[in-house]
Amino acid sequence: MKALLLAGGLGTRLRPLTEELPKPLTPVCNRPWLEHLMVHLRDQGIREFVLAVKTHADKIQSYFQDGQALGVHIEYAYEQSLLGTAGAIKNAEHLLDGRFLVFNADIVHLVNVAPLLEFHERHGGLVTIGLTEVNDPSHYGVVELTKQGEILRFVEKPKREEAPSNHINAGIYVMETSVLDWIPKNRETSIERETFPALIDHCVGVYGMPVDGYWLDMGTVDRYMQLHDDIFAKRAPVHMSYRMTREGVWMGKEARVHPGATIIPPVVIGEGAVVQSGCTVGPYVSLGDHAVVRAGASVSRSIVWPGATVGSEELVSDAVVGRTFVTQACRPAPSAAVREQETANEREPVMQR
Ligand code: GDD
Ligand code: MG
């Protein structure tokens with residue numbers, strides 16, 4: 001079975017990050033999220049991928065190429081202009097056959113696809129949508145569904161008070177190829193605003209099934225930072241690429257930490273990253289591969305991208321640092337429990353030697 005990954009959007013809400021890297025290459029603990037996702041799906045037996053791309057398609061293709069390095073096979077469906085979420089699927093028609101899976105590429109989850117496929121087979125609809133529950137559904141596609149799981153209504157980004165439920169589209173679909181007959185060719189079309197409502201109106205069988213486990217759309221700067229907090233707090237089941245050298249400290253190969261630097265866990269230090277003398281790094285910091293923290297700088301609760309530099313004596317907190325930008329997100333002050341843990345960590349700094 002093929003999986004189509006919708007990876008062509010502009011990533012507007014992740015600016016300025018997406019001016020440096022497209023959303024599908026945005027690093028999550030030093031690996032593009034899309035890579036984590038493909039590896040997760042590969043481990044469930046899915047090896048054929050179609051990437052629907054437009055924005056920075058060249059960067060995405062030069063990173064993933066034909067997928068061989070990940071043990072998968074990747075084909076690309078390029079759009080001349082953005083075709084929207086349905087148009088992108090239609091544009092990949094020549095690469096799809098039989099039943100297929102679709103994933104929004106910016107959703108962080110480790111969903112098990114077997115129960116979803118089993119549900120789809122049992123209900124016999126044209127589409128099964130993976131659902132999750134959130135407190136405020138107004139930023140998502142919201143569904144009204146029957147006890148049997150049939151979707152009666154799909155409303156994209158309704159006003160909060162008009163949302164029919166708290167069950168939202170998790171950005172994961174099982175589809176039959178006949179869905180493609182419902183999408184017009186060569187024009188921008190939204191699966192959420194046009195195709196799903198049309199399929200529901202014609203009662204062709206659109207079902208929804210709740211998916212278990214952690215789920216987050218990382219498409220805004222605040223949520224991207226939230227994701228890293230969740231990974232460090234072990235709420236998000238994202239696999240760390242590096243070995244843990246001490247409790248809460250993951251170090252890549254050839255990372256160099258000066259003996260006079262202080263590392264406060266939890267911290268990820270990327271391959272070839274450099275932490276110079278007198279620095280404090282942590283807690284809740286992910287340092288990208290080959291990132292440099294210059295002498296006397298202090299970095300906490302932040303994500304430093306691959307190849308970025310924190311200048312000498314700089315204080316960086318609650319920020320994402322790229323090679324070309326530093327952004328500050330409005331995050332809630334840490335909870336009492338987190339503060340207590342941080343204070344405990346500060347009492348016992350880990351010195352890297
Ligand atoms: N190829 C291609 N072409 N991909 C696109 C296009 C396009 O024109 N437009 C968007 N995408 C990709 C994005 O890159 C992203 O991976 C995915 O489609 C979803 O687009 P977003 O822009 O992130 O949508 P959203 O987050 O506002 O809403 C969607 O996701 C929610 C879950 O987080 C909708 O599917 C909602 O219904 C859903 O609840
Ligand atoms: Mg999104």
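Contact here means heavy atoms within 4.5 Å. The model is predicted: local features need pLDDT of at least 70, side-chain atom pairs count only at pLDDT 80 or more, and totals for chains, interfaces and linings use all residues. Residues are numbered from 1 along each chain as its sequence is written, and side-chain values use heavy atoms, with hydrogens and water left out.

**View 1. Surroundings of phenylalanine 49.** Leaving aside residues up to four places away in sequence, Phe49 touches Ala3, Leu5, Met38, Leu41, Arg42, Val72, His73, Ile74 and Glu75.

**View 2. The largest nonpolar core.** A nonpolar core is a set of buried Ala, Val, Leu, Ile, Met, Phe, Trp, Tyr and Cys residues joined through side-chain atoms within 4.5 Å. Buried means under 20% relative accessible area, exposed over 50%, partly exposed in between (1.4 Å probe, protein chains only). The largest core has 67 residues; Phe49, Leu51 and Phe64 touch the most other members. Domain 1 (2-217) and domain 2 (240-344) both contribute residues, so this core lies between them; the bounds come from an automatic or database domain assignment.

**View 3. The magnesium ion (ligand 2).** Its protein donors are Asp106 (OD) and Asp217 (OD), 2.1 to 2.3 Å from the ion. Donors are N, O and S atoms within 2.8 Å of the metal (3.2 Å for Na, K and Ca); water is not among the atoms, so sites may look incomplete. Asp217 counts as buried, at 11% relative accessibility.

**View 4. Aspartate 106.** Asp106 is buried, with a relative accessible area of 9%. Beyond residues up to four places away in sequence, Asp106 touches Lys23, Leu216, Asp217, Met218 and Gly219.

Key
Chains lettered and ligands numbered in written order.
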